[in-house]
Amino acid sequence: MSAGMPPLGASPSSTRLGLFGGTFDPPHVGHLVTAVNVLHALQLDRVILMVNNVPWQKEGTRRITPAADRLAMVVAAVEDVSGLVAGRTEIDHGGSSYTADTLQALRVEHPNAELFTIVGDDAAAGLRSWTRYDEVLASSHLVVVDRPGDPVDLSDDIDWIRVEVPRLEVSSTDLRRRFSDGRPLDYLVTEPVLDVIEQRGLYLGAGE
């Protein structure tokens, strides 16, 4: 399926919503570049950067910044970006965050919307490890982000929509370490996000 064309059967009057979930600890320019490119390629009305409450795949592996702080950073990151919005559905739901639950909540909130779940290559490769992944497939179109010259090898039995985005090797882990040891963060994190981090005293001593 061509990344620039609406899926077959899509109503031209329906709202097209992209769900781009993540820990966003912190949100960086790579997240924004991915979101705006998918927004444009698939002619979406909005892409929701959905902040995980408790990311089940990362829980227990490292210290996770409180959800309220991560949400504040995402709000700052998208404030002046047309078509991107911060999502707090998973935070309001509480507990561990599962995409199937989030899509179900979005369906209630936007009953006529066409939903697109945006994932990176690692997440796409491990899709079948997701809790109730079959519900994710049934309730949304799966959008996988491809990098130029490095297409993702995906299962043929899933109807993926591929969107190519520029390759930006930005790591949230590296960013947290940079905050800790004082290395430059210029052009990796936007100024509004940096302001939130400084105001809230985040990532001090984050050496993981």
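Here is a short tour of this predicted model, stop by stop. Residues are numbered from 1 along each chain as its sequence is written. Local features need pLDDT of at least 70 and side-chain atom pairs count only at pLDDT 80 or more, while totals for chains, interfaces and linings use all residues; side-chain values use heavy atoms, leaving out hydrogens and water.

**Whole chain.** Of the 208 residues, 46% are buried (under 20% relative accessible area, 1.4 Å probe, protein chains only).

**The largest core.** Now select Val38, Leu42, Val47, Leu49 and Val143, which touch the most other members of the largest nonpolar core, a set of 41 residues. Such a core is made of buried Ala, Val, Leu, Ile, Met, Phe, Trp, Tyr and Cys residues joined through side-chain atoms within 4.5 Å. Which helix gives the largest share of this core? Helix 2, with eight residues.

**Helix 7.** Next, select 172-181. Ser172, Leu175, Arg176, Arg178 and Phe179 are buried here. They sit on the same side of helix 7, because they cover an arc of only 155 degrees around the axis (using directions from the helix axis to the C-beta atoms). Show helix 1 and helix 8 too: both are part of what covers these buried residues.

**Its two ends.** Zoom in on Ser171, which caps the N-terminal end of helix 7 with a side-chain oxygen 3.2 Å from the backbone nitrogen of Thr173. After helix 7 comes Gly182, with a positive phi near 85 degrees.

Methods:
Buried < 20%, exposed > 50% of the residue type's maximum accessible area, 1.4 Å probe, protein only. Helix = DSSP H or I, 4+ residues; strand = E, 2+ residues; numbered from the N terminus. Contact = heavy atoms within 4.5 Å. Polar contact = N/O pair within 3.5 Å; in protein donor to acceptor, adjacent residues only side chain to side chain.
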